[in-house]
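Dear colleague,

Please find below the structure that I promised to hand over. Have a look through it first, and then read on for my notes on what was found.

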Amino acid sequence: QVQLVESGGGLVQRGGSLTLACEGSGRTFSSYAMAWFRQAPGKEREFVAAVSWNGGSTDYADAVKGRFTISRDNARKIVVLQMNSLKPEDSAVYYCAAGDYKDSVEEYDYWGQGTKVTVST
C-alpha cells in the first residue's frame, strides 16, 4: 500500500516555473514506477511524465518534452516534477501516481488527491 500527497500547485504567469512534489509513504514506495498525470476541466486525465522505480528511466508526453523534468528520491520517498516555460494549456489538476512504468491511467494503482496548477496569460 502506498499513500501519495501532492503539493506545490498554484498560480503562475505564462513562461514561469513551478515545482510539484509528491510525498509517498509505505515500505513499497521504491518498488513502483511513479508518474504525473493531469486533468483539465472537461477533459480526460492525461499522461505527463513517468520515472522508473530506480530513477534510471524517464518518459514524457510530447507536449511537455524539454520543459518538464521528473525525478525521484527513494530515500526521502519523494517525486518531483519541475515545470518550466509554462503555458496556459498546462493548466490542470496534476496527480501523482504509483504503478507500472507506462503512460496510461490504467497501469497505475495508487493516486494522490491532486494539486491545481493555473497558468495565466
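At what distance from the ring centre of Trp111 does Arg45 lie over the face of that ring? Arg45 lies over the face of Trp111 at 4.9 Å from the ring centre, where a charge counts as sitting over a ring if NZ of Lys or CZ of Arg is within 6 Å of the ring centre and within 35 degrees of the ring normal. The charged end of Arg45 also sits over the ring of Tyr95, 3.7 Å from the centre of that ring.

Before going further, please keep in mind that this is a predicted model, in which local features need pLDDT of at least 70 and side-chain atom pairs count only at pLDDT 80 or more, while totals for chains, interfaces and linings use all residues. Residues are numbered from 1 along each chain as its sequence is written, and side-chain values use heavy atoms, with hydrogens and water left out.

Next come the aromatic rings. Rings of Phe, Tyr and Trp (for Trp, its six-membered ring) pair if their centres lie within 6.5 Å, and planes under 30 degrees apart count as stacked, over 60 as edge-to-face and the rest as tilted. By this rule the count comes to 5 aromatic pairs. One of them joins Tyr32 and Tyr110, whose centres are 5.6 Å apart and whose planes stand at 80 degrees, so this pair is edge-to-face. The pair links distant parts of the chain, since Tyr32 is in the loop between strand S3 (18–25) and strand S4 (33–39), whereas Tyr110 is in strand S10 (residues 108–111), 78 residues apart; strands are DSSP runs of E with at least two residues, numbered from the N terminus.

The rings of Tyr108 and Trp111 also form an edge-to-face pair, because their centres are 6.4 Å apart and their planes are at 65 degrees. Tyr108 is buried, with a relative accessible area of 4%, while Trp111 is partly exposed at 26% (buried means under 20%, exposed over 50%, and partly exposed in between, with a 1.4 Å probe and protein chains only).

Finally, two residues in loops deserve a look. Lys77, in the loop between strand S7 (68–73) and strand S8 (78–83), has a positive phi of about 55 degrees although it is not a glycine. Ser85, in the loop between S8 and strand S9 (92–99), has a positive phi of about 50 degrees and is not a glycine either.

Definitions and conventions: Helices (H or I, at least four residues) and strands (E, at least two) are DSSP runs, numbered from the N terminus.
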